[in-house]
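Here is a short briefing on one protein model. Look over the sequence and the structure first, then read the points below.

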Amino acid sequence: MKLYIKEKAISIKDKFFVRDEKGDKVYEIRRKFEPAIGLKLYIFDMDGNELAYIKEKNLAIKPKFRVFVGGEHTAT
């Protein structure tokens, strides 16, 4: 299955959707930015259940993102 994100580079929206090949919404992404923490992206299914979140580590020279599933760090 191919998934697509169509989002404007400059957007005031705090959420956007991931769609499948047919254009149906599959996931909802909610974005939250906190200056001291950095960017966080929360991934929800279409029933509103949180599946995972991605947290930016903003004190690094190169951008690093950590993926959490069920509150546990699963990938960097």
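Arg30 lies over the face of Phe44, at 3.9 Å from the ring centre. A charge counts as over a ring if NZ of Lys or CZ of Arg is within 6 Å of the ring centre and within 35 degrees of the ring normal. Lys25 likewise lies over the face of Phe17, at 4.0 Å from the ring centre.

This is a predicted model, where local features need pLDDT of at least 70 and side-chain atom pairs count only at pLDDT 80 or more, while totals for chains, interfaces and linings use all residues. Residues are numbered from 1 along each chain as its sequence is written, and side-chain values use heavy atoms, with hydrogens and water left out.

**Overall make-up**

- The protein has seven strands and zero helices. Both are DSSP runs numbered from the N terminus, with helices being H or I of at least four residues and strands being E of at least two.
- Along the sequence the pattern reads β-β-β-β-β-β-β.
- Of the 76 residues, 22% count as buried. Buried means under 20% relative accessible area, exposed means over 50%, and partly exposed lies in between (1.4 Å probe, protein chains only).
- The accessible surface comes to about 6200 Å², and 55% of this belongs to carbon and sulfur atoms. The areas come from the Shrake-Rupley method with a 1.4 Å probe; for residues, only the protein chains shown count as cover.
- Among contacts with a separation of 6 or more, residues 24 or more positions apart account for 3%. Contact means heavy atoms within 4.5 Å.

**The sheet**

- The seven strands form an open sheet in the order S1-S2-S3-S4-S5-S6-S7, with antiparallel pairing. Two strands pair if DSSP finds at least two bridges between them.
- S1 (4-5) and S7 (72-75) stand at the edges with a single partner strand each, so one side of each has no neighbour in the sheet.
- S2 and S3 (residues 25-34) run antiparallel and are joined by five bridges. Arg19 stands opposite Lys25 in S3.
- Eight bridges link S3 to S4, again antiparallel. Glu28 has Phe44 in S4 as its bridge partner.
- S4 and S5 pair over five bridges in the antiparallel sense. Here Leu41 stands opposite Ile54 in S5.
- S5 (residues 50-57) and S6 (residues 64-69) also pair over five bridges, antiparallel. Ile54 has Val67 in S6 as its bridge partner.
- Three bridges join S6 to S7, which run antiparallel. Phe68 is partnered by His73 in S7.

**Hairpin turns**

- The hairpin of S4 and S5 has four residues between the strands, and Gly48 takes a positive phi near 90° there.
- The hairpin of S6 and S7 has two residues between the strands, and Gly70 takes a positive phi near 60° there.

**Core and burial**

- The largest nonpolar core holds six residues: Phe16, Val18, Ile29, Leu41, Ile43 and Ala52. S2 (15-19) and S4 (38-45) each supply at least two residues of this core.
- A nonpolar core is a set of buried Ala, Val, Leu, Ile, Met, Phe, Trp, Tyr and Cys residues joined through side-chain atoms within 4.5 Å.
- Seven of the eight residues of S4 are buried, so the strand is largely enclosed by the rest of the structure.
- Val18 lies in S2 and is buried, at 7% relative accessible area.
- Beyond its neighbours within four places in sequence, Val18 contacts residues including Leu3, Tyr4, Ile5, Lys25 and Ile29.
- Ile43 touches residues including Tyr27, Ile29, Leu51, Ala52 and Ile54, not counting residues up to four places away in sequence.

**Aromatic pairs**

- There are two aromatic pairs. Rings of Phe, Tyr and Trp (its six-membered ring) pair if their centres lie within 6.5 Å; planes under 30 degrees apart count as stacked, over 60 as edge-to-face and the rest as tilted.
- The ring centres of Tyr42 and Tyr53 are 5.7 Å apart and the planes meet at 35°, so this pair is tilted. Tyr42 is in S4 and Tyr53 in S5, so the pair ties together parts 11 residues apart in sequence.
- Tyr53 and Phe68 are stacked, at 4.8 Å centre to centre and 10° between the planes. Tyr53 in S5 and Phe68 in S6 are 15 residues apart.
- Tyr42 and Tyr53 are both buried, and Phe68 is buried too.
- Ring pairs link Tyr42, Tyr53 and Phe68 into a cluster.
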